[in-house]
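User: I am new to this structure. Please pick one part, look at it closely and then tell me how the rest connects to that view.

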Amino acid sequence: MEKILFGDNQFFAVSHLSDEKSRVQSIRFKENSAIIQVLDQVVGLGMHTFMCTTHDRIAEICDHIRDNPDHYKGFKIYPCMPYAHKYANAVTELGYLGALRQYLPGNIFTTLAKGGMAFMGKDFMKMMELLIDAEMKMFKKIDTPVIFIQNVMVDLILGLGMKEVFVEYDRYIRKKYNAEPGYITMNLPFLLDTLESVGIYNPVICSSINKIGFRMSGGIEIYEKTLRERKFRPIAMQVLAAGALGPEEAIEYIGRFPQIESVLFGASTRSHIKQTRDLVNQYLRP
Amino acid sequence: MIKAGIIGLGKMGISHCAIVNAHPGVNLVGVCDTSTFVLEAFKKYSTLTCYTDYFKLIEKETPDCLFVATPTRFHYDIVRYALEKGIHVFCEKPFCLTVQQGKELVEIAEQKRLINQVGYHNHFVGTFREMKRLIKSGIIGEIYHFHGEAYGPVVTKEKSGSWRSNRDEGGGCLFDYASHVLNLIQELIALPVSASGTLLKSIYSKGVEDAVYSTLFLENGISGQLSVNWSDETYRKMSTSLTVVGKMGKIICDATELKIYLKQDEPAEKLTRGWNIKYTTELSIPVAFYLRGEEYSAQIDYFISSIESKRIPEINSFKSGNNTDKVIDLIFNDSKIR
């Protein structure tokens, strides 16, 4: 993994700090060309990994990447699925089955439903695989060496204690996509314990890691202990704690944990991107 | 260890289930739903004991507390039965379909001294909690207006839906999105006692409203406006906000930030004249397990600690849920005047 993974929140009006800022972002990035322009600046600054949600608009960005293979030589995408709000809103409106009917491809829902609810209920893994495939379709012919499950899903499965789902996910991502499964979580120590308990060792885990303990569930001490003592491949996100920390003190803190392989961050301007890149290069071990 | 059960495994029920199951002080003894699809998933992948009948769950597992997250029309029967069995109850919002039903439940819970809580989670969002404190402190002076809003993209196309598209079952934007805002207005400013000029607009839904606009008059004489729309796709997810305007300043609050404008310095609050911004990063309640937002875990922590300490909770009691039902009622009745 590269030391810097460029994120996509800023493109899709995800600001953890301000709804107002979100609207400004969604106006700024209304056209795909505005997103592509920033991605090109990222490439120009020597970074080649884009970590993004399986948002509908990412499909259009992928088209652009496929259309310009020379320009994006060596460019990688780390998909994060599912785009949870899409499903959550559908579940609120239509219920679980209605939402599945909407998002399972083609006639598969009907085929499964014909077998009766009990049959359908037993074929969850098939459904999970179909949903993964549906979300992965947009990345065809693009290098996706790590494929993540979003934190809402990871933490839900974690809380419910449905550990086998992680095992099946891990197996399917390796087998079908020849990629490394990744996990985004707000509960790092708990997740790591759970993954190890079902035989998933040295996993790629992306979680909030910042100096003020923001979104580090259970407290900063247990996170720091986990980072010092446990074997896994950490990616730090929310390093600026949604803007509460200045960039230098934020990245300096990350640099105290040599095990951290990468920092996930997003920004909208070249100067911010360059500043963060330089700080990561300065403080993270080579 | 407190023994808990969960009735209803829809979106909120599953979320509660994950949080309760991860809670170190709770033993989740059983879950109950009527959906074969959901129960099959639970039986196959979780170690939780599943029921399709809540009477059986209560009889076999004898839980100390229950989380009720069924569609609203089932709340009354389930909660009443649980209370009569001496079980503490956390009930999802909105509380009941009729004010009378809710009133009965408030009386039983109070008479039996059982811990009772409704799921208006905004009270556990750091920014709204701080806003409540600041309003009570009087720093913006005499309040003369408020504006309560919620927008989001739940129904953005015309199509037939689930129970949420049927008013008799608790469907519609007034019961769902608007109830959150009404509860905030009632708890942070004062209880609405009448409504005027109400517009319930069906945009894409048939039979229920997708937007609610109304002028509300509160018991302390303050008036203000409600503006809620769950068919607004300019929002990525539900966004709730409350603006309160006083003679000495103004507060604008949503789940991510709290903006305070003051006409004069308030050294005791470390706030100065002009705009002051407080962010969720400094205000959010630390939790041991996080799913979708600190507030969902914090409200469950509060309920469980109320049971442990036998403390009657001050936040989100059935009584407050019943008050919100009354306001929903008066808005609905006002809408029928035209």
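Analyst: **Two domains in chain B**

Chain B splits into domain 1 (2-120 + 293-316) and domain 2 (122-287 + 322-335); these bounds come from an automatic or database domain assignment. This is a predicted model, in which local features need pLDDT of at least 70, side-chain atom pairs count only at pLDDT 80 or more, and totals for chains, interfaces and linings use all residues. Residues are numbered from 1 along each chain as its sequence is written, while chains are lettered from A and ligands numbered from 1 in the order in which they are written.

Start with confidence. Chain B has a mean pLDDT of 95, and 98% of its residues reach 70 or more. The pLDDT is the predictor's confidence in each residue, from 0 to 100. The model scores ipTM 0.93 and pTM 0.93.

Over C-alpha atoms, the centres of domain 1 and domain 2 of chain B are 26 Å apart. Domain 1 of chain B brings 22 residues to the contact, and domain 2 of chain B brings 20. Two residues are in contact if their C-beta atoms, placed from the backbone, lie within 7 Å. On the domain 1 side, helix H5 (99-111) and helix H9 (294-309) of chain B each supply at least two residues. Helices (H or I, at least four residues) and strands (E, at least two) are DSSP runs, numbered from the N terminus. H9(B) gives the most to that side of domain 1, with seven residues. By class, this side of domain 1 has 11 nonpolar, five polar and six charged residues. Here Ala, Val, Leu, Ile, Met, Phe, Trp, Tyr, Cys and Pro count as nonpolar, Asp, Glu, Lys and Arg as charged, and the others, Gly among them, as polar.

Follow the chain past H9(B). Pro313(B) sits in the loop between H9 and helix H10 (318-335) of chain B. Pro313(B) is partly exposed because 18 other C-beta atoms lie within 10 Å. The scale is this: buried means 20 or more other C-beta atoms within 10 Å of a residue's own, exposed means 12 or fewer, and partly exposed is in between, with C-beta atoms placed from the backbone. Pro313(B) and Ile115(B) are 198 residues apart in sequence, yet their C-alpha atoms are 7.1 Å apart. Setting aside neighbours within four places in sequence, Pro313(B) is in contact with Ile115(B), Gln117(B), Tyr302(B) and Ser306(B).

Next, the partner chain. The contact between the chains takes 43 residues from chain A and 38 from chain B. On the chain A side, helices H4 (84-103), H6 (117-122), H8 (151-160) and H9 (163-177) give two or more residues each. H4(A) gives the most, with 11 residues. That side of chain A has 23 nonpolar, 14 polar and six charged residues.

Helix H2 (residues 32-44) of chain A has 13 residues and should span 18 Å at 1.5 Å a residue; its end C-alpha atoms are 18 Å apart, which agrees. The expected span is 1.5 Å times one less than the number of residues. Its buried residues are Ile35(A), Val38(A), Leu39(A) and Val42(A). They cover an arc of only 100° around the axis, so they lie on the same side of H2(A). The arc is that of the directions from the helix axis to the C-beta atoms. The face turned away carries the exposed residues Ser33(A), Gln37(A) and Gly44(A). Just after H2(A), Gly46(A) takes a positive phi of about 90°.
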